Amino acid sequence: MDHYKRGKSEILKMHFGVETVEDKNWFYTMGFADQTWTDSHIDVCFYYLRKKSKYGPHSSYKNEPNKSYKYSTVDCNFMNVIRSLNDVYSMDAQNLKDGGQEHHLMEYINGFRMHAAVPWHIVEDIFIPINIKEKHHWVLLVLSFSERCIFLYDSYESSVHYAVVLAEIEKIAKIIPLCLQACDFYVKKGIDHQSHSRYKDKESSDMFDVLFQDDLPQQPSGSLDCGVFMVMYAECLSYGHKIIASEFDPNALRTRYAALLWDYEMRKQEANVISDVEAPVRPARQSRITSVTEVVDV
């Protein structure tokens, strides 16, 4: 339920790179307990994580490129692309290539899909937010190129839950290798399938391994804090920290994230600063109608 009623919730437009917010209820949902974070909240958080990697944690309003990239992130729409490609692949594997269905995913891989994106071949890991729709639950995946696997960070563990989550992750584990091969990722990354310890016993089209991470901080039973925990996992990993099984206060985390974003935008407005345009420049291509659904162009 909205906390601020109609006519009382409007605020000056706040521009968070990938999202424009003009309603206090956006911050209420982010900052208060018993509220479910939406794609919009997750996209904003992962945008700033992506931006931190690209420009460094101490960059000013004017973007200063970072000299090394450890990771990048994707947005929530990424999983819609994966699901659509998986549907096509399940019905006709050859059509994935011949029909040009992989184009949307290759835009992500080549850094043409999102604001503040970089090509995947210059980073080590990709942080992927996944909403398990059947469970209304957020989990974090880390796609590791050096380990050739997908690490799962989940704030809720149970045997029944595990099967549903794994079924979604396997779609990524199956589709990603096919598209990496199609866009010459391994050549650009300098990965030699004949000599690399994690690749030499695999075909380039084989599924990535999936590893569930244990001993993680867990959300309280029945809470709506899965999105908060997922972002917290990603932030810890972005600093190179190991996530340890200790107590975290999800309400304090909610307040922190909402306050950081509010304060950041207030300081931008007071300084009359406008963020640089970070929209990706896509290469020209021929238009083609595909059967990919639920895909939103940026």
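Tutor: Contact here means heavy atoms within 4.5 Å. Please keep in mind that this is a predicted model.

Student: Which elements do the buried residues of H1 pack against?

Tutor: Their partners are strand S1 (10–15), strand S2 (20–23), helix H2 (39–55) and helix H9 (250–270).

Student: How many of the eight residues of helix H1 are buried?

Tutor: A residue counts as buried under 20% relative accessible area. In H1 (residues 24–31), seven of the eight residues are buried, so the helix is largely enclosed by the rest of the structure. The buried residues are Asn25, Trp26, Phe27, Tyr28, Thr29, Met30 and Gly31.

Student: What lies at the start of H1?

Tutor: There, a side-chain oxygen of Asp23 comes to within 2.7 Å of the backbone nitrogen of Asn25.

Student: At what angle do the axes of H3 and H6 cross?

Tutor: Angles of 65 to 115 degrees count as roughly perpendicular. The axes of helix H3 (residues 77–91) and helix H6 (residues 159–182) cross at roughly 80° and come within 9 Å. H3 is therefore roughly perpendicular to H6.

Student: What percentage of the residues of the chain count as buried?

Tutor: Of its 298 residues, 49% are buried. The chain contains nine helices and seven strands. Among contacts between residues at least 6 apart in sequence, 67% join residues at least 24 apart.

Definitions and conventions: Residues numbered from 1 in each chain as written. Predicted model: local features only at pLDDT ≥ 70, side-chain atom pairs only at ≥ 80, totals over all residues. Heavy atoms only, no water. Buried < 20%, exposed > 50% of the residue type's maximum accessible area, 1.4 Å probe, protein only. Helix = DSSP H or I, 4+ residues; strand = E, 2+ residues; numbered from the N terminus. Polar contact = N/O pair within 3.5 Å; in protein donor to acceptor, adjacent residues only side chain to side chain. Axes fitted to C-alpha atoms, helices over the stretch in contact; angles between N-to-C directions. Parallel < 35°, antiparallel > 145°, perpendicular 65-115°, else oblique.
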